Amino acid sequence: MNAEPLAEQEVAGPVPGREGVLQAPAVGMRRGLFFGLVMATVVPGAVMMALVLQAAGMGPFQWAILLLFLVTFTWIAVSFWTAVAGFVLHALRLDPLSLRRLPRRDAVPESALQRARSTAIVVPIHNEDPVRVVNGIEATCRSLLATGQGAAFDLFLLSDSTDPAVIPDEERAARDLQARMPAPFRTHYRRRPLNTGRKAGNIADFCRRWGSRYEYMVVLDADSVMEGATLVELVRLMERNPNAGLIQTMPLPVRQESLFGRFQQFANAVHGPMLAAGLSFWQGDAGNYWGHNAIIRIRPFMQHCDLPILPGKPPLGGEILSHDFVEAALLRRGGWDVWLLPQLGGSYEELPGNLIDYARRDRRWAQGNLQHLRLLGTPGLHGVSRLHLLFGAVAYLVSLLWLLMLAAGTGAAIGASGGLEAGGQALAIPESLRTPMAHALLGVTLVMLLLPKMLGIALAMFSRPRAFGGVPRLVASGVIETLFSVLIAPLMMAFHSLFVAAVALGRNVTWAVQPREGRVVAWGEAWRRTGGFVLAAGSWGLLLAWFAPGFFWWLMPVLAGLLLAPALVRWSSSQRAGAWMRRRGLLLAPSEVAPGLVLQMLHGIESPSSPWAEGLEARLPQRRVTWLRQRWPRPQPDWEGAVIRKAAGGN
């Protein structure tokens, strides 16, 4: 970020046993155990696949299948054992870092933070809906003020907006927010005339201009919402861990109305904390950064996180699009710890509400993550940081590899069945697919894919079923979400394969506004975006039905998802379908069954006449009611009701 060099801070080591100190004992042994289990899974799987393929003879197609299977199965094994580790930790109520027993409930400290105005809350925005953005920020700030620690924070709205239709409304919304913020809270608004470096450049500009005034910055996206108590706890953790460069929370999707959005919200609420705990277990102090809902120590960030410009032209050269993974790696290289704390709740975000907008966002991430492959050889990077960069790229490459493996399997099946010569008369299943080994390998793969979902449902059943509508509705929701994920998996495979191919062909992504609110995708758009997949799947299926019908039935789940693509896109974007599910208690998430303080505040800001907080006022301590009424120029009964509920111990 072109900051002037600063003297390296003298850092004291963590004090063992001290409350709030982050440590991951024996993290090297954990990583050895984890990746040992991965290899103990991959090697037998590769042997089984080799034996299956040998039944038809090892030709070019078979060797290609084996190589592609090795990569994709390794990816499945890493995900599987991450989920298993998270399940064990949650089941035993162990902290994923210290491996100590978690308390039943975290008490929020009442003592003041060590430094006044030590933290900046920075919110980069780019041509967003100003009202939607400011409402979320205001709810976060109100929640923070309710903790009594607002004097330690300043808010910065960092605009990169370029749309003339958006800028006047954005400036007006920022002025109105500034006018509503009570002392001692301070709100700043800045708009850059040129959005050089995109979001990373926006944050870098803030650091150059104001970074020396603050110890820490909490980076929020335009759709982020965070509990005030979580913000305060993040600062406390940074104060107690002087070598912590970055602490990442686990943001969960909220406020999803469409059917697709509700699928994502439910799945993340059930499975996300378990997977994040597994990640935290083996990555330890070399965690990753997801670009938002995290706290960063500003000085080391300015010293070490000057992003390189990759040689060559976009899409693989030029500015790094996915800056967050790289910044975490550079911080760790500089000797600073990067932590993931999945158990720290109160961190939320919003998602695109339909498959098309979701895939459009992935297009940008795919290009940015593929750029990371060029950074794997960067000197001095921690081994786990290199894995983060590699895994980020493989997350998109694996879809293309899966598709190539299916294509190679098609070629092998046609050749093995003699379909090309027999004119479609070979109706038997290929010999290689009729062996017990093939059935066993298929069973193992299905278990590794589906068991993590079952484990997530089991954890929710035994820990907090009411937060998901009760056990019957939780189980039914889990079955529905699993079926939906199976159906859309081939569609996402096709999208991601196209994205990787586009990058390989030199097509650069355009930097557009990320859609955050739900919208119904018209049939015309759905066919325009996915009609090619339907045509390809139909042709693929006819080819197999004629030349290798035995393999056709093995591939039918993939073909079905592609053939149904327009309908899946259209129907899953429906908000009426999402509302229908909600009315029946399906696909519920804790954020709507028992919303936290900040979500209740946001609801009150957007719907001030809503009766959601009735009957709660008597439970708020009178000193807090008086303070809020004196400090806040625009009191709202529903907001005060939210404070009441939080003060009374509600979620």
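Predicted model: local features only at pLDDT ≥ 70, side-chain atom pairs only at ≥ 80, totals over all residues.

How many aromatic pairs does the structure hold? I get 18 aromatic pairs, where rings of Phe, Tyr and Trp (its six-membered ring) pair if their centres lie within 6.5 Å, with planes under 30 degrees apart called stacked, over 60 edge-to-face and the rest tilted. Numbering runs from 1 along each chain as its sequence is written, and side-chain values use heavy atoms, with hydrogens and water left out.

**Rings**

My helices (H or I, at least four residues) and strands (E, at least two) are DSSP runs, numbered from the N terminus. F156 is buried at 1% relative accessibility, and Y214 is buried at 7%. For the record, buried means under 20% relative accessible area, exposed over 50%, and partly exposed in between (1.4 Å probe, protein chains only).

Next I checked F206 and W210, whose ring centres are 6.0 Å apart with planes at 35°, so I log that pair as tilted. Both lie in helix 5, 4 residues apart, about one turn of the helix. Ring pairs join F156, F206, W210 and Y214 into a cluster.

**D160**

Where does D160 sit? I found D160 in the loop between strand 2 (153–159) and helix 4 (167–180). D160 is buried, at 4% relative accessible area. Its side chain makes a polar contact with the side chain of R192 at 2.7 Å; that term means a pair of N or O atoms within 3.5 Å, where within protein one must be able to donate a hydrogen and the other to accept it, and residues adjacent in sequence count only if both atoms are side-chain atoms. Leaving aside neighbours within four places in sequence, the residues in contact (heavy atoms within 4.5 Å) with D160 include I125, H126, R190, N195, R198 and N202.

**Cysteines**

I searched the whole structure for disulfides (cysteine sulfur atoms within 2.5 Å) and got 0. C305 is in none, and the nearest cysteine sulfur, that of C207, is 9.0 Å away. C305 is buried at 1% relative accessible area.

**Strand 9**

Is strand 9 (residues 337–341) buried or exposed? I count 5 of its 5 residues as buried, so the strand is largely enclosed by the rest of the structure. D337, W339 and L341 point one way, V338 and L340 the other. Strand 6 (residues 244–249) pairs with strand 9 in the parallel sense over 5 bridges; pairing takes at least two DSSP bridges. Q248 stands opposite L340.

**Cores**

The largest nonpolar core has 53 residues, and F468 and F495 have the most contacts inside it. Such a core is a set of buried Ala, Val, Leu, Ile, Met, Phe, Trp, Tyr and Cys residues joined through side-chain atoms within 4.5 Å. Helix 14 gives the most to this core, with 11 residues. A second, separate core of 40 residues includes L113, L144, L155 and A173.
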